[in-house]
Amino acid sequence: MIERSPLFNAISYAMMVIGFLIVVTPFWVVLVAASQSLSEIARVPMSLWPSAHLWENIEAAWNRADLGPKLLNSLIVALGVTFGKITIAALSAFSIVFFNYRARMVCFWMIFVTLMLPLEVRIVPTYSIAANALSPFQTLLDTLGLTGLISALTGVEVSLNWNLLNSYTGLILPLVATATGTFLYRQFFMTVPDELVEASKMDGSGPMRFFFDVLIPLSRTNMLALATIMFVSSWNQYLWPLLVTTDRENYGTVVMQLKALIPAQNGTPDWNVTMAGALIIMLPPLVIVALAQRWFVRGLISRDK
Amino acid sequence: MERRAYYRNRLLPWLLIAPQLILIFVFFYWPASQALYWAFTLEQAWGGGNVWVGFDNFRQVFGDARYWNTVMRSGLYALAATGISMTLALVLALFVDRSLRGTKIFQDVYIWPYAIAAPAAGVAFRFIFSPEAGLVGTLNGMWPGIWNPATNGAHALLMVIVCHAWLGIGYNFIFFLAALQMIPRSMFEAGAMDGAGPARRMIDLQLPLIAPTTFFLLIMNIISSFTDSFGLIDVMTEGGPVGSTEVMVYKIYFDGFRGLDYSGAAAQSIVLMLLVMALTFVQFKWIERRIHYA
């Protein structure tokens, strides 16, 4: 503090408490509602103090929305996206920063452009690819006349087909295919001093040795940041899983189940069960953000600027 | 900073970058070109592939009064949600930045909304704003029928906007606080010596210095109002009552996947993609010329 100003400090605390209430109230309401019985939650105005029915509500929500398998699916997708993105991002950033080839700036810009358009904005075109992820290559072969050539030479009709609907790959791959992580890594790799590269060259290590033994250990903090951001954003995906899984029974994720938890228009208004379900669904990313705050805040900021 | 030390290898860099390039080709560039193809063609009702129709799909989209309503609504939604969320986050960041005792607890909590899935927040806010339940619905007990987002379009839109603004607080707060913390202490001391009190320093010193971040966040928030709104609206109102909360992404989804009008949806997608690209472009241009301090 530069000067004493008790009045302004009091105002500061007051504002921070108001902000605290704004942010926390929805969380509190979810928790309180999830712990009340049907008759308690139907009361107007409802009590803002927790009651004793949290476990029964969680059990009811668990069964109604089939949360066990769905949580597992969400976990598989979130971890898949996180690992996939970290691997691909580290490798491609390594290629762009530490190798000198003519096309690297072109590659860089091609990857850069994908940052501009989030998946939700290009949902219709991306969906077209889901039924057959290899269709671009098939079309290329067809238009180049190679299909005819191959079938004439070998008698094999080329038909590339890879259906992504109702599969983990379908849920994961399109989310991996963006540039966020590549940028975080590129930003970090640029700060690695030239001397380090020269020293390890002199010690006789090749590029991959340098990558695994020097860069990866150095970028551990970045990796944690990226992992947190990726885990949270992929766990919270809604539109893409909704489209790519028609078989919800087996491939649905928890966030898709939220809608199934809402009481029907003329049914029993058992919002207590709904809130218990919402509580379970929002908990994993919240815990991760709360724990990994220190790293991910730094990552988020260097990613986007 | 230009790097001087490179590895030399003909094949290796391509192998390293290949997975990323293949993925963006399959899931980004190819689909985008497909969208262009659909936007300029129309599937024939009796099969037999698509026929070239030029700008007909766009003409149809732009000639539809309902589409323009959706665009206006998206604009209102974007501005209102962004305005509320950024103002709140900025005020909180300004006070947290004074680092009074105990501030850390507040700081940690303000980040929480960032972790929450839009549809999950949507469910929570739908309950909070439910006309029958005992929170905002209590108003109906005092003045019957004063609040009902299920039938009143303005109420429904307000409810969705409030929820969206709440969701954005965490992200905006992180960036505002980081920007504020980068301002050198010496500037405050200089300001204080010149007789500027804390409030005066906030307005005349901190706000102008974080202008680049404010602008960056403005664009990010507007883009997120196009993307995150889908989950919220689908869970809270499904675009209703009578289309009063239908925004651009929701209409694309509805026309494309429920109405199976791919050409119309593709044309709308192209418009939205161009809009988002224009916004991003403005942002990059601005960041190039951003103010440097410290």
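Analyst: A residue is called buried here when its relative accessible area is under 20%, exposed when that area is over 50%, and partly exposed in between. The model is predicted.

By that cut-off, helix α10 of chain A, residues 180-190, is mostly covered, with nine of its 11 residues buried. The buried residues of α10(A) are A:Thr180, A:Gly181, A:Thr182, A:Phe183, A:Leu184, A:Tyr185, A:Arg186, A:Phe188 and A:Phe189. Some of these names return in a cluster of rings: ring pairs link A:Tyr185, A:Phe188 and A:Phe189 with A:Phe94, A:Phe98, A:Phe99, A:Phe210, A:Phe211, A:Phe212 and B:Tyr7. The cluster therefore holds residues of chain A together with B:Tyr7 of chain B. In chain B, B:Arg185 lies over the face of B:Phe188, at 5.7 Å from the ring centre.

Over all chains, the count of aromatic pairs comes to 49. One of them joins A:Tyr168 and A:Tyr251, whose ring centres are 5.2 Å apart; the planes stand at 75 degrees, so the pair is edge-to-face. A:Tyr168 belongs to helix α9 (residues 168-176) of chain A and A:Tyr251 to helix α15 (residues 248-251) of chain A, so this pair ties together parts that are 83 residues apart in sequence. A:Tyr168 has a relative accessibility of 28% and therefore counts as partly exposed. A:Tyr251 is partly exposed as well, with a relative accessible area of 22%.

Another edge-to-face pair is formed by B:Tyr110 and B:Phe173, at 5.2 Å centre to centre and with 80 degrees between the planes. This pair links distant parts of the chain: B:Tyr110 is in helix α4 (residues 103-110) of chain B and B:Phe173 in helix α7 (residues 153-181) of chain B, 63 residues apart. Here both B:Tyr110 and B:Phe173 are buried.

The axes of helix α5 (residues 118-128) of chain B and helix α11 (residues 229-236) of chain B come within 8 Å and cross at roughly 35 degrees. The crossing of α5(B) and α11(B) is right-handed. On the side of α5(B), the contact is made by B:Ala118, B:Pro119, B:Gly122, B:Val123, B:Phe125 and B:Arg126; α11(B) supplies B:Gly231, B:Leu232, B:Val235 and B:Met236. An α-helix has 3.6 residues a turn, so residues three or four places apart point the same way.

B:Thr237 is placed in the loop between α11 and α12 (248-258) of chain B. With 15% relative accessibility, B:Thr237 counts as buried. Neighbours within four places in sequence aside, B:Thr237 is in contact with B:Ala156, B:Met159, B:Val160 and B:Thr245.

Further along chain B, B:Gln268 lies in helix α13 (residues 262-288). B:Gln268 is buried, at a relative accessible area of 4%. The side chains of B:Gln268 and B:Asp255 are joined by a polar contact of 2.9 Å. Not counting residues up to four places away in sequence, B:Gln268 touches B:Val61, B:Tyr67, B:Lys251 and B:Ile252 as well as B:Asp255.

Back in chain A, A:Thr25 is found in helix α1 (residues 6-34) and is partly exposed, at 37% relative accessibility. From C-alpha to C-alpha, A:Thr25 and A:Pro207 are 52 Å apart in space, and 182 residues separate them in sequence.

Note on methods: Residues numbered from 1 in each chain as written. Chains lettered and ligands numbered in written order. Predicted model: local features only at pLDDT ≥ 70, side-chain atom pairs only at ≥ 80, totals over all residues. Heavy atoms only, no water. Helix = DSSP H or I, 4+ residues; strand = E, 2+ residues; numbered from the N terminus. Buried < 20%, exposed > 50% of the residue type's maximum accessible area, 1.4 Å probe, protein only. Polar contact = N/O pair within 3.5 Å; in protein donor to acceptor, adjacent residues only side chain to side chain. Contact = heavy atoms within 4.5 Å. Phe/Tyr/Trp six-rings, centres within 6.5 Å; stacked < 30°, edge-to-face > 60°. Lys NZ or Arg CZ within 6 Å of the ring centre and 35° of its normal. Axes fitted to C-alpha atoms, helices over the stretch in contact; angles between N-to-C directions. Left-handed = near helix turned anticlockwise from the far one by under 90°.
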